[in-house]
Amino acid sequence: MGGLTTLGVACGPVAPTSTASAAPPKRPDPFRLGVASGDPRPDGMVLWTRLAPRPLAEDGLGGMGRAPVEVRWQLASDARFRHIVRQGTATARPSGGFAVHVEPSGLEPGREYFYRFRAQGHLSPTGRTRTAPARGALTPMTFAAASCSHYEHGYFTAYRRMAAQDPDLVLHLGDYLYEYAPGSYSGTNGVVRRHTEGKCQTLTDYRRRHAQYKSDPDLRAAHAAAPWAVIWDDHELEDNWTGSTPGSKVPGFSARKKAAMRAYYENMPLRASSRPSGTKLQLFRGLSWGALASFHLLDTRQYRTDQPCDDWMRTGCDSRTDPSHRVLGARQLKWLESGLRASGARWDVLAQQIFLARRDYALGPAVEVGMDSWDGYAAERDRLFDAVLRSGARNPVVLTGDVHTAYASDLLRDFDDPASARVGVELVATSIASDGDGYRDRSVNAVLLQENPHFALMDQRRGYIIGRLTSESLTADFHTLEYVSRRGAPARRTARFVVPDGARSLAR
Ligand code: FE
Ligand code: CA
């Protein structure tokens, strides 16, 4: 915790060190989008920055012009860089949006590292990162889960509060940014601050939107504090898209997909193995955390069939049980099942986007469910649950985003039968900012909690989840902010659930 307050807010110019040039820099600071790290392994991680002295420059290239720029990077075992363990040079090019992704390897497992970049006479802020523990280690770990940060709906205070909890790993579950034109989707507090112009359609649009989000100091602080593992939902491209089906009627979906994927990679601490090729982005992947945890990062957009019966809530949509409808797709589901079988970890954490437990909105025997959730793909949910049960995974935990509401739920093989097999637990992270301060009317909560007895929590305020994994239990703390329409809200722990090893169920 000691270094965090100074590291986390280090986003302005950094005082020159003894090794920096003594002459005043001629160029403006190119590190205004901060630094990030991600996808830790026992021997390394990816380090990221993107040069942009003028983040919102019209051409999407951050005021960098057209010439490639050499970027020096350093990784040290201490925050003052007295013990540099790796260093090198990477080239930031206009074709890559002047982003830099470096993958140092051969590092020691289970330890903290510090990194920084240098370019054009400037030193970047310092980031803190870590390697995953060695194979077999059962060292306790803390993860954070975050989702849905609509820039116009509120300030990103929740990101800063989350970083202050000192997580070993941040899981971002999607809707990292929103593609909407300014003012076209209002939260409960209207538009608190405005998006860059237009709905994102071109590579330039997406690059500028990413730059606008990364210009937020709270988001930069959260990236600088810990390695992230990111997966996307729909808004990184456009609302409600699936597979090859556009979410909007605007022509040119394939070009938008390509542009959104490229900008996403450029702006995220992803490994080269997740560099997009045309309209393909390899985002589903696994991360091992010793013998304690395996993280299975899923992509529930790219291989999904279109939402049945329109995209939103319905009663009596027969095709929601159609076995040909897919969320993960056959290849990803097979990959997941073999990953679960091979894991052997105490905890198997499935990080994904859309609501998994059944969520029935209609009081009484009628069933009214959302189609942009696993309820719209009931046969695929059965396949997923069977795969999880067959795999012998010891403690399955599902992390979900998307719905701008915190939930905790038991996952039952058959939601109509309280005695059916426990598949695991689902923890749903509310939004960081999307929908603004939240809803005062709690009447919908009462209906949902009554109709869905597997739910243990529902809370429509902003926040994030902090999960503590040990060999004995998972402790999930839900942290809540009362407002995001103004800066500076404190975060309070408003709920805690403990899942003992082997229980596959929330203790309540
Ligand atoms: Fe969202
Ligand atoms: Ca009902």
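Let's start at the iron ion (ligand 1), which is coordinated by C148 through SG, D175 through OD, Y178 through OH and H404 through NE2, at 2.0 to 2.6 Å. A donor here is an N, O or S atom within 2.8 Å of the metal, or 3.2 Å for Na, K and Ca, and water is not among the atoms, so sites may look incomplete. Before I go on, the housekeeping: this is a predicted model, so local features need pLDDT of at least 70 and side-chain atom pairs count only at pLDDT 80 or more, while totals for chains, interfaces and linings use all residues. Residues are numbered from 1 along each chain as its sequence is written, chains are lettered from A and ligands numbered from 1 in the order in which they are written, and side-chain values use heavy atoms, with hydrogens and water left out.

Back to the iron. Along the chain, its donors follow the spacing C-x26-D-x2-Y-x225-H. D175 and H404 link distant parts of the chain, 229 residues apart. D175 sits in the loop between β10 (169-172) and α3 (203-214), and H404 in the loop between β17 (396-400) and β18 (406-412). When I say helix or strand, I mean DSSP runs numbered from the N terminus: H or I with at least four residues for helices, E with at least two for strands.

What about the geometry around the iron ion (ligand 1)? The angles subtended by its four donor atoms run from 84 to 165°, so the arrangement is irregular. For the record, four donors count as tetrahedral if all angles lie between 85 and 135 degrees; four count as square planar and six as octahedral if opposite donors are over 155 degrees apart and all others between 65 and 115; anything else is irregular.

The cut-offs are under 20% for buried, over 50% for exposed and partly exposed in between, with a 1.4 Å probe and protein chains only.

The calcium ion (ligand 2) is coordinated by D360 (OD), A362 (O), G364 (O), A366 (O) and E451 (OE), at 2.1 to 2.5 Å. The donor spacing reads D-x1-A-x1-G-x1-A-x84-E. Of these residues, A362 is buried at 11% relative accessibility, whereas A366 is partly exposed at 40%.

Now, cysteines. The link of C309 and C317 is right-handed, with 85° about the S-S bond. C309 is partly exposed at 24% relative accessible area, while C317 is buried at 6%. C200, on the other hand, is in no disulfide: the nearest cysteine sulfur belongs to C148 and is 16 Å away. C200 is also buried, at 1%.

Who are the neighbours? Strand β1 (residues 35-41) is antiparallel to β2 and joined to it by five bridges; pairing here takes at least two DSSP bridges. A hairpin connects β1 to β2 through two residues, and R41 stands opposite G44 in β2. β2 is also antiparallel to β5 (residues 99-102), with four bridges, and L47 has V102 as its bridge partner in β5.

A quick stop at S274, in the loop between α5 (253-267) and β12 (285-289). S274 is buried at 2%. Beyond its neighbours within four places in sequence, S274 is in contact with Y265, L281, Q282 and R285, contact meaning heavy atoms within 4.5 Å.

Last, zooming out. The chain has eight helices and 23 strands, and 60% of its 508 residues count as buried. Its C-alpha atoms fill a box of roughly 75 × 50 × 40 Å along the principal axes. Among contacts between residues at least 6 apart in sequence, 70% join residues at least 24 apart. That's my tour, thanks.

Definitions and conventions: Disulfide = S-S within 2.5 Å.
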